[in-house]
Amino acid sequence: MSLVSLGYYPVLIINSDFISAKQFIREYHAAVIYYENLLKTYNQNIGEEEKLGPEDLQLAVINSLIEKSLIADGARDEAGDDFSYLLKNKLKNISVDKELEKAITSLYGMSRDEFILAVIVPQAEREILAGRIFLRGERIGDWIADAKKEANVIIFSPNFKWNKERVISK
């Protein structure tokens, strides 16, 4: 099997970080399952014109992946040599029992480990970054907006483009 057939080719490059097709597909699949579950629960309150289509979900996932990448890089830069220690410290008490694992699979279609990598680790990185920039008197939202403006984002899809704030449809 080739790396391409396994999904190990880039669909996005954020600064120097590659996002593979496999990672995008995994997170898009989770977003679709989560959204379908949301619709089942709240369907009576959502009109047809308000429902998200596949392209809307793709945009949301791509924008989320870009933000996660920028935050991860920012947290590493801000924390320096302390980053690994801080991240391990935040993750050391993560426990997922069988019931929670079932809920993760039902809500997101992800395994425990996929959920930790896609949701828990990025949240921990965000907390590390937010803490560091808070000490300088800055806000995480402002930092993210500035990081997006400075980011070099390449999208390998003819359907989307980066406008220095977010990915939009062409």
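Let's start with Asn-15, which counts as partly exposed because its relative accessibility is 35%; buried means under 20% relative accessible area, exposed over 50%, and partly exposed in between, with a 1.4 Å probe and protein chains only. Asn-15 sits in the loop between β1 (10-14) and β2 (17-20). Its phi is near 55°, a positive value in a residue other than glycine. Most residues other than glycine have a negative phi.

At 40% relative accessibility, Lys-164 counts as partly exposed.

Some housekeeping. This is a predicted model, where local features need pLDDT of at least 70 and side-chain atom pairs count only at pLDDT 80 or more, while totals for chains, interfaces and linings use all residues. Residues are numbered from 1 along each chain as its sequence is written, and side-chain values use heavy atoms, with hydrogens and water left out.

How confident is the predictor? pLDDT is its confidence in each residue, from 0 to 100. The protein chain averages a pLDDT of 91, and 95% of the residues score at least 70. Helix α4 (residues 98-108) has the lowest confidence, at a mean of 90, and helix α6 (residues 140-150) the highest, at 97. By the way, helices (H or I, at least four residues) and strands (E, at least two) are DSSP runs, numbered from the N terminus.

On to the helix packing. Two packed helices are described by the angle between their axes and the distance between the axes. The axes are lines fitted to C-alpha atoms, for helices over the stretch in contact, and angles run from 0 to 180 degrees between N-to-C directions.

Take α5 and α6: they pack at about 105°, with axes 9 Å apart. So α5 and α6 are roughly perpendicular to each other; angles under 35 degrees count as roughly parallel, over 145 as roughly antiparallel, 65 to 115 as roughly perpendicular and the rest as oblique. Arg-126, Leu-129, Ala-130 and Ile-133 of α5 make the contact with Ile-140, Trp-143 and Ile-144 of α6, where contact means heavy atoms within 4.5 Å. By class, that's 6 nonpolar, no polar and 1 charged residues. Here Ala, Val, Leu, Ile, Met, Phe, Trp, Tyr, Cys and Pro count as nonpolar, Asp, Glu, Lys and Arg as charged, and the others, Gly among them, as polar.

Next, α1 and α4: their axes come within 6 Å and cross at roughly 90°. That makes α1 roughly perpendicular to α4. On the α1 side we have His-29, Ala-30, Ile-33, Tyr-34 and Asn-37, and on the α4 side Ser-106, Leu-107 and Tyr-108.

And α1 (residues 21-42) with α2 (residues 54-79)? Those pack at about 125°, axes 10 Å apart, which makes α1 oblique to α2. The residues of this contact divide into 10 nonpolar, 2 polar and 2 charged.

Last, two residues in α5. Leu-129 is in that helix, and buried or exposed? Buried, with a relative accessible area of 0%. Leaving aside neighbours within four places in sequence, Leu-129 touches Ile-71, Gly-74, Ala-75, Glu-78, Ile-140 and Trp-143.

Glu-125 is also found in α5 (residues 112-134), and Glu-125 is buried, at 7%. With the neighbours within four places left aside, its contacts are Ile-71, Ala-72, Ala-75, Arg-76, Phe-83 and Leu-87.

Definitions and conventions
pLDDT is the predictor's confidence in each residue, from 0 to 100.
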